[in-house]
Amino acid sequence: MQDFSDNSVRPPQEPETEERLLDQPAARDVLRGAAWVYEAFLLLREYPAAWAVIALVLYAGELVGKWLVAYTAGIGGAVYVMFMLFKAGGIAMAASAQEYEEKPPGIADLFMIFDNKIFDFVLLLVFMALFAAAWAFLLFGIAGTLLDGGLTASPLAVVVLSVFWLVSVQMLLGFAPVLVFLQDESPFAAVLLSAKAALLNILPLLLNGLIFVLIWTPALLLTARANGIASYMMLAAVLAVNMLSYLSTYAAYRDIWFEEGERDQVTVGYR
């Protein structure tokens, strides 16, 4: 009788895999833009109550920031911009805590971005502002040269260019906060890597953005028409979509900078 205890007849085991950080951002397929939305939804669905609390706290912070903008002009604008950077980095930090520590995200996770990174926070803000200003100077300069009579002769062109500039800046710099606060990149390197990742993944990012345009448009229209209890329900829906958009950026970062690879058996136990 054959001895089935012999290792030679055991089915081969698949090699263990582990996630590894890439040196440079990878280019992903266009359909990954839709997958990022779904992966963000899974994060949101796992702890909906915890994310609802985070969304409400951040919404209150945005209201305060907008009030400061309205009544203190430049100072309020600077505070609001800093708050939005805090929001982007904080949500990514909370999502990372949920994924790796397997616990509900909390308000305290938002403030983990300041753990030995206050200087990086300020420096990132400066570099992002310089990048946005340089891109605006280049974009509007080229457009002014190409248009007959310059931009002053075409107000519509100014509006279109302004919208394009805003969307493109958000796309090009969208990964910078995550790279600084989660991946420990320097602020300057984070800005460059974020722009490179966006250019490499322009198609999935455009699909991702289109999906959110299709979600945001009816949500905002319904919110404007809602009254009474319905208005609060629509506000909750808008906050959920807002969280989903930030979590989608985190999902995109995880997909672009990480991939599964075979575990190196030699180094197991030394990491």
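In the predicted model, W51 is in contact with L43, L44, I91, A94, A95, Q98, P105, M243 and L247, once its neighbours within four places in sequence are left aside. W51 is also, together with F175 and W257, one of the residues that touch the most other members of the largest nonpolar core, a set of 55 residues. The element that gives the most to this core is helix α10, which spans residues 229–257 and supplies 12 residues.

The pairing of helix α5 (residues 118–146) with helix α6 (residues 155–173) was examined next. The axes of α5 and α6 come within 10 Å and cross at roughly 145°, and the crossing in which α5 passes α6 is right-handed. On the side of α5, the contact is made by M128, F131, A132, W135, A136, L139, F140 and A143, and on the side of α6 by V158, L161, S162, F164, W165, S168, V169, L172 and L173. By residue class, the contact of α5 with α6 comprises 15 nonpolar and 2 polar residues, with no charged residue taking part.

Helix α5 itself has 29 residues and reaches 42 Å from its first C-alpha to its last, a span close to the 42 Å expected at 1.5 Å a residue. The buried residues of α5 are D120, F121, L124, L125, M128, A132, A136, L139 and A143. The cover over these buried residues includes α6 as well as α3 (74–101), α7 (176–181) and α8 (187–200).

Between α5 and α6 lies a loop in which S154 has its place. Computed along the sequence, S154 and G144 are 10 residues apart, and in space their C-alpha atoms are 9.8 Å apart.

N208 has its place in helix α9 (residues 202–225), and N208 counts as buried because its relative accessibility of 11% lies under the 20% limit. Leaving aside neighbours within four places in sequence, N208 is in contact with G33, W36, V37 and S248.

Terms used: Residues numbered from 1 in each chain as written. Predicted model: local features only at pLDDT ≥ 70, side-chain atom pairs only at ≥ 80, totals over all residues. Heavy atoms only, no water. Axes fitted to C-alpha atoms, helices over the stretch in contact; angles between N-to-C directions. Helix = DSSP H or I, 4+ residues; strand = E, 2+ residues; numbered from the N terminus. Left-handed = near helix turned anticlockwise from the far one by under 90°. Contact = heavy atoms within 4.5 Å. Nonpolar A, V, L, I, M, F, W, Y, C, P; charged D, E, K, R; others polar. Expected span 1.5 Å × (residues − 1). Buried < 20%, exposed > 50% of the residue type's maximum accessible area, 1.4 Å probe, protein only. Core = buried A, V, L, I, M, F, W, Y, C linked by side-chain atoms within 4.5 Å.
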